[in-house]
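Please look over the model below before reading on. The report covers the fold, the strand pairing, the salt bridges and the surface.

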Amino acid sequence: MKWLFPSFLLSNARSINNKIDDLHTVIKHNCSDIACITETWLNTEIPDDSIELPGYIGPFRRDRQGKQGGGVLVYI
């Protein structure tokens with residue numbers, strides 16, 4: 001029996017706003033099935049459509065609370 005496990009990517013972005021294109025390249029290059037991004041620094045002013053990635057479901061996000069750090073983003 002052959003086991004097929006999904007591939008995961010975990011990254012600490014330290015602000016994803018200006019790195020979304022780089023993130024997409026890394027996810028595609030690594031053939032990641034699931035990507036979990038921490039320290040996104042996203043807030044409610046940033047719409048989902050500005051951080052969507054072609055070929056992935058999501059983004060599923062939990063925005064940061066307050067002014068410093070935080071935030072999680074998941075793509076499947």
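## Strand pairing

Two strands pair if DSSP finds at least two bridges between them. In this predicted model, strand 1 (residues 8-12) and strand 2 (residues 34-38) meet that rule with five bridges, and they run in the parallel sense. Leu10 of the chain stands opposite Cys36 in strand 2. Asn12 has Thr38 of strand 2 as its bridge partner.

Strand 2 also pairs with strand 4 (residues 72-75). Here the sense is antiparallel, and the bridges number four. Ile37 has its bridge partner, Leu73, in strand 4.

## Overall fold

The chain has four strands and one helix. Read from the N terminus, their order is β-α-β-β-β. The opening part is a right-handed β-α-β unit, made of strand 1, helix 1 (residues 20-29) and strand 2.

The C-alpha atoms fill a box of roughly 50 × 20 × 15 Å along the principal axes. The chain has 76 residues, and 32% of them count as buried. Contacts across the sequence are well represented. Among contacts with a separation of 6 or more, 57% join residues 24 or more positions apart.

Where does Ser15 lie? Ser15 sits in the loop between strand 1 and helix 1. Is Ser15 buried or exposed? Its relative accessibility is 17%, under the 20% cut-off, so Ser15 counts as buried.

Ser15 has contacts beyond its sequence neighbours. With neighbours within four places left aside, Ser15 is in contact with Glu39, Thr40 and Trp41.

## Salt bridges

How many salt bridges does the count give? The count comes to two. One joins the side chains of Asp48 and Arg61, at 2.8 Å from N to O. Asp48 lies in the loop between strand 2 and strand 3, while Arg61 lies in strand 3, so this pair ties together parts that are 13 residues apart in sequence. The other salt bridge links Asp63 with Arg61, whose closest N and O atoms are 2.9 Å apart. Asp48, Arg61 and Asp63 are therefore linked in a network of salt bridges, with a side-chain nitrogen of Arg within 4 Å of a carboxyl oxygen of Asp as the criterion.

Asp48 has 35% relative accessibility and counts as partly exposed. Arg61 is also partly exposed, with a relative accessible area of 23%. Asp63 counts as buried, because its relative accessibility is 15% and buried means under 20%.

Asp49 is placed in the loop between strand 2 and strand 3. Its relative accessible area is 55%, so Asp49 is exposed.

Asp49 and Pro59 are ten residues apart in sequence. In space, their C-alpha atoms are 8.7 Å apart.

## Surface

The chain exposes about 5500 Å². Carbon and sulfur atoms supply 55% of that area.

Which residues form a nonpolar patch on the surface? They are Ile57, Phe60 and Ile76. Together these residues have about 300 Å² of accessible area. Phe60 belongs to strand 3 (residues 60-62). At a relative accessible area of 44%, Phe60 is partly exposed. Patch residues need over 30% relative accessible area, so Phe60 passes that cut-off.

Conventions:
Residues numbered from 1 in each chain as written. Predicted model: local features only at pLDDT ≥ 70, side-chain atom pairs only at ≥ 80, totals over all residues. Heavy atoms only, no water. Patch = residues over 30% accessible without salt bridge, like charges linked within 9 Å, V, L, I, M, F, W, Y side chains within 5 Å. Areas by Shrake-Rupley, 256 points an atom, 1.4 Å probe, with all protein chains shown as cover. Helix = DSSP H or I, 4+ residues; strand = E, 2+ residues; numbered from the N terminus. Buried < 20%, exposed > 50% of the residue type's maximum accessible area, 1.4 Å probe, protein only. Right-handed = clockwise from strand over helix to strand, strands pointing away. Contact = heavy atoms within 4.5 Å.
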